[in-house]
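Me: Please take a close look at one part of this model, the aromatic side chains and the pocket. I would like a careful explanation that connects the pieces.

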Amino acid sequence: MAKIVQKGLWISIKSLDKESRKNYLTSMVLFFIGALAWGIHIASVGGIDNNPVDIPYINIIRISIVIFLAFAVFHYVKFLNRQDELMQRYHDFVFSWGAIGFLVLGLGASLISPLFAFSPTFYEFFLAFGVGSVFGGYRFYKKYLSE
């Protein structure tokens, strides 16, 4: 079963059996390709600097985002279903703390945004989710795995 390493921030791929390793790596590669396509989409709508870029075939790229991420989730669920209770608890713990980060940091950003003429978008809230997930992974490590 998966060994949680890096103080709760990662799992050791070497610790996985062949089928779990295949599903995990496939899901991560598909997530990465979907994220690259998503980055192209962000550039096309001006999501970073409010300067949209005209990209040919953008609708095909947008459809590929959905397809790649759907297959990535499919393989990740196959991976997760083969894991023990500790790994499943780790997964739930990290995603729960990600949601808390989304709510707390996102709410905080939206409350102070009028003071700085800043309008938080999905990407800032996603970053808040990521920060919460990192914090949750570390808390899980401290609570269940550290000696």
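Reply: In this predicted model, Phe79 has a relative accessibility of 0% and therefore counts as buried, the cut-off being under 20%. Its ring forms an aromatic pair with that of Tyr24, with 4.9 Å from centre to centre and 50 degrees between the planes, an arrangement that is classed as tilted. Tyr24 is buried as well, with a relative accessible area of 6%.

Another pair, formed by Phe126 and Phe129, is stacked, with 6.4 Å from centre to centre and 20 degrees between the planes. Here the two partners are three residues apart in helix H4, which means that about one helical turn separates them. Phe126 is partly exposed, with a relative accessible area of 47%, and Phe129 is also partly exposed, at 22%. Both of these residues belong to one aromatic cluster, together with Trp38, Phe95, Phe122 and Tyr123. In total, the count comes to 16 aromatic pairs.

Turning to the pocket, the largest one holds about 930 Å³ of space, and 25 residues line it, of which Met28, Val94, Phe95, Phe129 and Ser133 are the closest to its centre. The lining draws at least two residues from each of strand E2, helix H1, helix H2, helix H3 and helix H4, and it is made up of 20 nonpolar residues, five polar ones and no charged ones.

Key: Residues numbered from 1 in each chain as written. Predicted model: local features only at pLDDT ≥ 70, side-chain atom pairs only at ≥ 80, totals over all residues. Heavy atoms only, no water. 1 Å grid on protein atoms, 1.4 Å probe; cavity = no way out; pocket = protein on both sides within 12 Å on 5 of 7 lines; lining within 4 Å. Points joined across faces, edges and corners; volume = space filled by probe spheres on them. Helix = DSSP H or I, 4+ residues; strand = E, 2+ residues; numbered from the N terminus. Nonpolar A, V, L, I, M, F, W, Y, C, P; charged D, E, K, R; others polar. Phe/Tyr/Trp six-rings, centres within 6.5 Å; stacked < 30°, edge-to-face > 60°. Buried < 20%, exposed > 50% of the residue type's maximum accessible area, 1.4 Å probe, protein only.
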